[in-house]
Amino acid sequence: VSTQSTWGATGLSSQLVVTAGADCRVQALDPRSGWNPVHTFTEHQTFIYCLEVVDSLVLSAAGDGMLIVHDLADGRLLYGLGAGQAAVRCMGATTDRLVAAGDDGNVLVYCF
């Protein structure tokens, strides 16, 4: 579970809780509105092992090697990256770099 501040449509800052897991979904929930989903992302086809939130970006990686990037501000899918030949088990991200590693024994570094 990761938390992220994002700007709502009214311009007020709000706290969201971002979750992911075995149901292959990433959800951004608003605890102030009874934990109602703000966004639900369903692009993953297998169990999600990793989740990172950097600024308004949600990065998630799964058992099939796919790493997906969504924008929390508007709920859009931004990128789908083939980060590995097998499950991506760990990743770390900053505002200019993403590192991902998994069962295939490789470590990938993306700079942006």
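Cys 50 contacts Leu 59, Ser 60, Ala 61, Val 88, Arg 89, Cys 90 and Met 91, leaving aside neighbours within four places in sequence; contact means heavy atoms within 4.5 Å. The model is predicted: local features need pLDDT of at least 70, side-chain atom pairs count only at pLDDT 80 or more, and totals for chains, interfaces and linings use all residues. Residues are numbered from 1 along each chain as its sequence is written, and side-chain values use heavy atoms, with hydrogens and water left out.

**Cysteines**
- Cys 50 is buried at 6% relative accessible area (buried: under 20%, 1.4 Å probe, protein chains only).
- Cys 24 is also buried, at 16% relative accessibility.
- The whole structure holds zero disulfides (a disulfide is a pair of cysteine sulfur atoms within 2.5 Å).
- For Cys 50, the nearest cysteine sulfur belongs to Cys 90, 6.1 Å away.

**Nonpolar core**
- The largest nonpolar core has 12 residues, including Cys 50, Leu 59, Ala 61, Val 88 and Met 91 (a set of buried Ala, Val, Leu, Ile, Met, Phe, Trp, Tyr and Cys residues joined through side-chain atoms within 4.5 Å).
- Strand E9 (88-93) is among the elements giving two or more residues to this core (strands are DSSP runs of at least two residues, numbered from the N terminus).
- E9 gives the largest share, three residues.

**His 44**
- His 44 sits in the loop between strand E4 (36-41) and strand E5 (48-54).
- His 44 is buried, with a relative accessible area of 6%.
- Its side chain makes a polar contact with the side chain of Ser 60 at 2.7 Å.
- A polar contact is a pair of N or O atoms within 3.5 Å; within protein, one must be able to donate a hydrogen and the other to accept it, and residues adjacent in sequence count only if both atoms are side-chain atoms.

Definitions and conventions: Helices (H or I, at least four residues) and strands (E, at least two) are DSSP runs, numbered from the N terminus. Buried means under 20% relative accessible area, exposed over 50%, partly exposed in between (1.4 Å probe, protein chains only).
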